[in-house]
Amino acid sequence: MASMVWVNPGHEDGLGEALFESSPAEKGLGVLALKLKTTVKGDTPPTLATTSFCKKEPWESQSFCSNFPHEVVCADSWGQSLLVSTDAGILLIDDGQPSVQVFDKTLQIKQMHVLEALDLLIARTDERKDSRLLVFRLSAVQKDIETKQMIRSKYDCRENKLERTKGCHLYAINTHHGSELRIVVAIGNKLLLITKKYNPCNSLTSSSLLSLPESPVDKFQYIWEIHLSDPPVVMTLVDGPTGDSDDMICVAYRHQFDLVNESIGESYRLHHVEANKVNFVAAIDVYEDGEAGLLLCYNYVCQYIKVYPFNGGSPLVQSWVYDFHFSWNQVPYAVVCAFPSILAFTTDSIEIRLVVSGNLVHTAVVPELQLVASRSDIYLKATAAVRGSSHSSSKEMSSSSPQAPTAYEIPECPLSSSEGEVPGWRSGPT
C-alpha cells in the first residue's frame, strides 16, 4: 500500500512546508520529517537573508492519507481535500475520512483543474481520438456528493463536453487572475484558444447558483486555432503586463521552445536546445515587477529567459539573462516552483534548490516517488519509507554571468560557475 503526502508551499509569505510521509511505522516502514533548518552559508542571497526563511523550520512532516490502494493518474486540491483520478474512478479524499466516489471508472481523467473561485472543474478525458475537455460547475458536483444522488459515469457527462476539443492530448490555463479564464488546448499539432469571462463564485448568491444550468459549456468562447509544425509536449500561458494583446503561450516540441502571440496566433522561436535528445519537463512562468519570464526545464537544465511584451508583432527576449541556468543532479520528470525554493522530482528523490540562484539546498531520497498534484498545495505518493537524505554540492549550480553570456549549454555535463540572481520572482502554480 502507498501513502499520500501533503506539501503546503505557503505562497502568501514566501515560505513552504514539505510534508513527506510513508506507510505507518507499525508496518515496518518509518516516517521522515525533512526540515530545511537553515541554508548553507553563501546559498542565501542578501534579499532573503533578513526574511523568516532563515529563521524558521519550514519543512516538516504531516500525514494526509496512508495505505492508498489505487493507481493515481492526476489530482488537484479542492479546499482541504484532494480530488484524485485513479484506476477506480474519480475520488474525493479528505484527511482521516473515507474516500468519496465522485465519478465511476468509466470516466478516465488525464488532467484536471479545480477552480473554486470560478465554481469550475476542468478535466481532460483519456479516450485517444475521442478525448475531450469537460467543464463542470463545482457546485453541481458538490451537490451530488452531499445528496448522494448519483455517481456520474462518462455517459452522464455528455452535456459537459467542449465539442471542438475532440482528440485533445494536452491543455493549459492561465495561472493568475485577470478579466477572463484562458484555456489553450492542443489537438495534435493544432492549438485552440478558449476563453470564459470571470464571474467569481463569491459574487453569486445561493439562489443564483441554484438557478444556473448544470453545465457551463455555453459560457466558453472559441477565439482562434492555429497549426504548429509538431504536436506540443509542454504548454504554458504567460500573462502580459497589460493584458491588452500582449498575452503569450509558450510551447515546446522537437528541439525548441516557441512563443505564440495570443492576439494574432503567430509563433516565434524562443529557445533552441543544443542536444541530441531532449526531454522536455516544464515551462514555468515567473514575474518580476510585472514583467514576465520563463523557466525552461529540459534534460538536466533549468534555464531562465526574461520575455518582454510583443513589440511590432514579435516578442523581445532580454539577452543578458538568457543564459542564467543551473543543472539538476538527475533528470527530473517534474519541476515545481514554490518561492523561494524550486523542487525537482525524480522516481526516487526530491532535489531542492533556491530559485534565485540555483544553489542546492537539500536532496531527499524517496523511493517510488510520484508527484500527484502541485498547482496549489503539493501532494506526493510513496510506497516505502524515506531511506535517508543528503546535502550535496555535487553537480552544483551552473549559471553564467550576465556580463558574459555563453552561447550554449551542455546538459549532460553541467559546469559550476558564478552565481546569478533574479530577485523578486513570483511564479504561477503548476
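A residue counts as buried when its relative accessible area is under 20%, as exposed when it is over 50%, and as partly exposed in between, using a 1.4 Å probe and protein chains only. By this scale Asp-230 is partly exposed, with a relative accessible area of 23%.

The structure is a predicted model, in which local features need pLDDT of at least 70 and side-chain atom pairs count only at pLDDT 80 or more, while totals for chains, interfaces and linings use all residues. Residues are numbered from 1 along each chain as its sequence is written, and side-chain values use heavy atoms, with hydrogens and water left out.

## The chain as a whole

The protein chain has three helices and 31 strands. Helices (H or I, at least four residues) and strands (E, at least two) are DSSP runs, numbered from the N terminus. Of its 430 residues, 55% count as buried. The accessible surface is about 18,600 Å², and carbon and sulfur atoms account for 50% of that surface; such areas come from the Shrake-Rupley method with a 1.4 Å probe, and for residues only the protein chains shown count as cover. A contact means heavy atoms within 4.5 Å. Among contacts between residues at least 6 apart in sequence, 55% join residues at least 24 apart.

## A four-stranded sheet

Strands β11, β12, β13 and β14 form an open sheet in that order, with antiparallel pairing. Two strands are taken to pair if DSSP finds at least two bridges between them. At the edges are β11 (170-173) and β14 (221-227), each of which pairs on one side only. On average, neighbouring strands of the sheet are turned by 20° against each other, direction ignored. The axes behind this angle are lines fitted to C-alpha atoms, for helices over the stretch in contact, and angles run from 0 to 180 degrees between N-to-C directions.

## Salt bridges

A salt bridge is a side-chain nitrogen of Lys or Arg within 4 Å of a carboxyl oxygen of Asp or Glu.

| Asp-239 | Arg-182 | 3.1 Å |

Asp-239 and Arg-182 form a salt bridge. This pair links distant parts of the chain, 57 residues apart: Asp-239 is in the loop between β15 (234-238) and β16 (248-253), and Arg-182 is in strand β12. Asp-239 is buried at 13% relative accessible area, and Arg-182 is buried at 4%.

Because Glu-225 lies in strand β14 and Lys-190 in strand β13 (residues 190-197), the pair ties together parts that are 35 residues apart in sequence. Glu-225 is partly exposed, with 37% relative accessibility, whereas Lys-190 is buried, with a relative accessible area of 19%.

Arg-254 is partly exposed at 49% relative accessibility.

Salt bridges that share partners also join Arg-182, Asp-239, Asp-247 and Glu-262 into one network.

## Backbone details

Most residues other than glycine have a negative phi, and most peptide bonds are trans. Asn-299 is found in the loop between β20 (291-298) and β21 (301-311), and at 7% relative accessibility Asn-299 counts as buried.

The peptide bond from Phe-339 to Pro-340 is cis, with omega near 10°. Pro-340 lies in the loop between β24 (334-338) and β25 (341-345).
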